[in-house]
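Hi there,

Please have it open in your viewer while you read.

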Amino acid sequence: MKIKVVNKGRQPLPRYATPQSAGMDLRANVDEPVVLRPLERKLIPTGLFIALPPGYEAQVRPRSGLALKHGITVLNAPGTIDADYRGEVGVLLVNLSDEAFVINDGERVAQMVIARHEQGEWEPVEALDETERGTGGYGHTGVK
């Protein structure tokens, strides 16, 4: 699938690291290092503007290495970029560690996955069909 992109940043376009990678790394496009203090959140620019085909979204997800080694994650994971959004792709990062983390220009800060989606249409009814689970909520299925 072709995705139109305008790159106003200094970084190369995102690419898949391997033939079977699901996500492409997004890189910070910052003029100076950004310090992310413990429990602080900041929107990190990428310099990328995209136009997805109808029926697709781009999901912005954390990078596992940043999460494991530094406690850095995407706050609204996965963040959704809709097909009709034309603004800059930004990455909302949060620092869940107890140490400050510095984000440098070009640093890989998240990954982006392109996914097909459907739009639902509500069908009002008086009752729902019965299931084995029923109305059991959080933790209902227990530990086996």
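First, a term for what follows: a residue is buried when its relative accessible area is under 20%, exposed when it is over 50%, and partly exposed in between, using a 1.4 Å probe and protein chains only. This is a predicted model, so local features need pLDDT of at least 70 and side-chain atom pairs count only at pLDDT 80 or more, while totals for chains, interfaces and linings use all residues. Residues are numbered from 1 along each chain as its sequence is written, and side-chain values use heavy atoms, with hydrogens and water left out.

Let me begin with Thr-73. With a relative accessible area of 17%, Thr-73 is buried. Its place is in strand β6, residues 72-74; strands (E, at least two residues) and helices (H or I, at least four) are DSSP runs, numbered from the N terminus. Beyond its neighbours within four places in sequence, Thr-73 makes contact with Pro-62, Leu-92, Leu-93, Val-94 and Leu-96, where contact means heavy atoms within 4.5 Å.

Leu-93 turns up again in the core. A nonpolar core is a set of buried Ala, Val, Leu, Ile, Met, Phe, Trp, Tyr and Cys residues joined through side-chain atoms within 4.5 Å. The largest one has 27 residues, and the members that touch the most others are Val-91, Leu-93, Ile-103 and Met-112. At least two residues of this core come from each of β2 (24-27), β3 (34-36), β4 (41-51), β5 (56-61), β6, β8 (88-95), β9 (101-103) and β10 (108-116). The most, four residues, come from β10.

Which residues does Met-112 contact, leaving aside neighbours within four places in sequence? They are Ala-22, Gly-23, Met-24, Leu-26, Ile-50, Ala-58, Gln-59 and Ile-81.

Gln-59 deserves a look of its own. Gln-59 lies in strand β5 and is buried, at 11% relative accessibility. Its side chain makes a polar contact of 2.9 Å with that of Glu-57 and another, of 2.3 Å, with the side chain of Arg-61. By polar contact I mean a pair of N or O atoms within 3.5 Å; within protein, one must be able to donate a hydrogen and the other to accept it, and residues adjacent in sequence count only if both atoms are side-chain atoms. With neighbours within four places in sequence set aside, Gln-59 is in contact with Pro-78, Gly-79, Gln-111, Met-112, Val-113 and Ala-115. Thr-80 is 21 residues from Gln-59 along the chain, yet their C-alpha atoms are separated by 4.9 Å.

Two backbone details may interest you. Leu-39 is not a glycine but has a positive phi of about 65 degrees; Leu-39 sits in the loop between β3 and β4 and is exposed, at 63% relative accessibility.

A polar atom of the Asn-29 side chain lies 2.9 Å from the backbone nitrogen of Arg-10. Not counting residues up to four places away in sequence, Asn-29 touches Gly-9, Arg-10, Gln-11, Pro-45, Thr-46, Gly-47 and Asp-105.

Finally, the cavity. On a 1 Å grid over the protein atoms alone, a cavity is a set of points where a 1.4 Å probe fits but cannot get out, and lining residues have an atom within 4 Å of a point. There is one cavity of 30 Å³ or more. The largest cavity holds about 40 Å³ of space, and its lining consists of Asn-7, Gln-11, Pro-12, Pro-14, Arg-27, Thr-46 and Leu-48. One of these, Pro-12, lies in the loop between β1 (4-7) and β2 and is exposed, with a relative accessible area of 55%. Pro-12 is in contact with Asn-7 and Arg-27, leaving aside its neighbours within four places in sequence.

Happy exploring, and do write back with any questions!

Best wishes

Methods
On a 1 Å grid over the protein atoms alone, a cavity is a set of points where a 1.4 Å probe fits but cannot get out, and a pocket is an open set with protein on both sides within 12 Å along at least five of seven lines; lining residues have an atom within 4 Å of a point. Grid points are joined across faces, edges and corners, and a volume is the space filled by probe spheres set on the points.
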